[in-house]
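Open the model in your viewer and keep the selection tool handy. We will take it stop by stop.

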Amino acid sequence: MKLSKSKIFLILLLCFIAGVGIHSFFDVSFFWIYVLGLISLASLIVGWRIKKFRVIALGGIFLFLGMLRYNLDLPQADSNTIQFYNEK
């Protein structure tokens, strides 16, 4: 199967959306998100010459970026915010 640029772009967008979805349904710690990013980056560097492997590694990086984006968007609940006092 030949992967055109538009199919690769679609795959990477779906990986980003999947990263946001996975992090919103499952509580993934920042450590594991970081490990996923490092493994994806290392595999991208090692397997750059193989096009399918490159797309898979880029998909892992976009999955990492989606999870990271969701993690950074979560508000921090401290005593200065009203959400800190919910259910108390």
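In which helix of the chain is confidence lowest, and in which is it highest? This is a predicted model, so colour it by pLDDT to begin. Confidence is lowest in helix α2, residues 30-46, with a mean of 92, and highest in α1, with a mean of 95. For the chain, the mean pLDDT is 90, and 100% of the residues reach 70 or more.

Select residues 5-25 to bring up helix α1, and find leucine 14 within it.

**Stop two: glycine 59**

Move on to helix α3, which covers residues 51-73, and select glycine 59, which lies in this helix. Is glycine 59 buried or exposed? Its relative accessible area is 7%, and because buried means under 20%, glycine 59 counts as buried. Show what surrounds glycine 59: leaving out residues up to four places away in sequence, it touches Leu12 and Cys15. For a sense of scale, draw a C-alpha to C-alpha distance from glycine 59 to arginine 69; these two are 10 residues apart in sequence and 15 Å apart in space.

**Stop three: glycine 66**

Stay in α3 and pick glycine 66. This glycine is buried, at 0% relative accessibility. Which residues does glycine 66 touch, not counting those up to four places away in sequence? They are Phe16, Gly19 and Val20.

**Stop four: the nonpolar core**

Select Val28, Ile33, Phe64, Met67 and Leu68 and show their side chains; these five residues make up the largest nonpolar core. Helix α3 gives the most to this core, with three residues. Then centre on valine 28, which is in contact with His23 and Ile33 once neighbours within four places in sequence are set aside.

Finish with aspartate 73 and arginine 69, which form a salt bridge with their closest N and O atoms 3.7 Å apart. Both residues lie in helix α3, four residues apart, about one turn of the helix. Arginine 69 is partly exposed, with a relative accessible area of 48%. How many salt bridges are there to find? The count comes to one.

How values were computed
Residues are numbered from 1 along each chain as its sequence is written. This is a predicted model: local features need pLDDT of at least 70, side-chain atom pairs count only at pLDDT 80 or more; totals for chains, interfaces and linings use all residues. Side-chain values use heavy atoms; hydrogens and water are left out. Helices (H or I, at least four residues) and strands (E, at least two) are DSSP runs, numbered from the N terminus. Buried means under 20% relative accessible area, exposed over 50%, partly exposed in between (1.4 Å probe, protein chains only). Contact means heavy atoms within 4.5 Å. A nonpolar core is a set of buried Ala, Val, Leu, Ile, Met, Phe, Trp, Tyr and Cys residues joined through side-chain atoms within 4.5 Å. pLDDT is the predictor's confidence in each residue, from 0 to 100. A salt bridge is a side-chain nitrogen of Lys or Arg within 4 Å of a carboxyl oxygen of Asp or Glu.
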